[in-house]
Amino acid sequence: MSDTLPACPECSEAYTYEQGALLVCPMCGYEWSASEPSDVLGVAVRDAVGNELADGDTVTIVKDLKVSGAGGGSIKVGTKVKGIRLLAEPVNGHDIDATVPGFGRMQLKSSVVKKA
């Protein structure tokens, strides 16, 4: 039965079931309408100045960022990052996955970028 129903938009578990007109997740207790588009359930990710971001956008870094880990360094203001990907579930406040020139793949916070 659960292979025809969508996974829970809150916790991504596949154990959803129907209860009248609603779909219910027994794992987290979240209830939603089956006719409701899944895009409406998510929260819009906005940049530092309030523009809504989407997958594939190009953004510019708005403040110097220190990079910890392998080699360290810092990402300078004005660095252009192309083809971002928004994360479904933020990790420690980082809600963007991107390839930063000179640093490689990393996660960024939407509060430090501006849509180009």
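How many disulfides does the structure hold? The structure, which is a predicted model, holds zero disulfides. The points below treat the cysteines, then an open sheet, and then a group of paired strands.

**Cysteines**

- A disulfide is a covalent bond between the sulfur atoms of two cysteines.
- Cys-8 takes part in no disulfide, and the nearest cysteine sulfur, that of Cys-28, lies 3.7 Å away.
- Cys-28 has a relative accessibility of 41% and so counts as partly exposed.

**The open sheet**

- Strands of a sheet pair through backbone hydrogen bonds, either parallel or antiparallel.
- Three strands form an open sheet in the order β7-β4-β11, and their pairing is antiparallel.
- The edge strands are β7 (80–81) and β11 (113–115), each of which pairs on one side only.
- Strand β4 (residues 59–61) is joined to β11 by three bridges, and these two strands run antiparallel.
- Thr-60 has Lys-114 in β11 as its bridge partner.

- Is strand β9 largely enclosed or largely open? Strand β9 (residues 94–100) is largely enclosed by the rest of the structure, because five of its seven residues are buried.
- Strand β8 (residues 85–91) runs antiparallel to β9, and three bridges join the two.
- Opposite Leu-86 stands Ile-96, a residue of β9.
- Strand β10 (residues 104–108) also runs antiparallel to β9, to which five bridges join it.
- Val-100 has Gly-104 in β10 as its bridge partner.

**Hairpin turns**

- Which residue takes a positive phi in the hairpin of β8 and β9? In this hairpin, where two residues lie between the strands, Asn-92 has a positive phi near 50 degrees.
- A hairpin is also formed by β9 and β10, with three residues between them.
- In the turn between β9 and β10, Gly-102 has a positive phi of about 85 degrees.

Terms used. Residues are numbered from 1 along each chain as its sequence is written. This is a predicted model: local features need pLDDT of at least 70, side-chain atom pairs count only at pLDDT 80 or more; totals for chains, interfaces and linings use all residues. Side-chain values use heavy atoms; hydrogens and water are left out. Two strands pair if DSSP finds at least two bridges between them. Helices (H or I, at least four residues) and strands (E, at least two) are DSSP runs, numbered from the N terminus. A disulfide is a pair of cysteine sulfur atoms within 2.5 Å. Buried means under 20% relative accessible area, exposed over 50%, partly exposed in between (1.4 Å probe, protein chains only).
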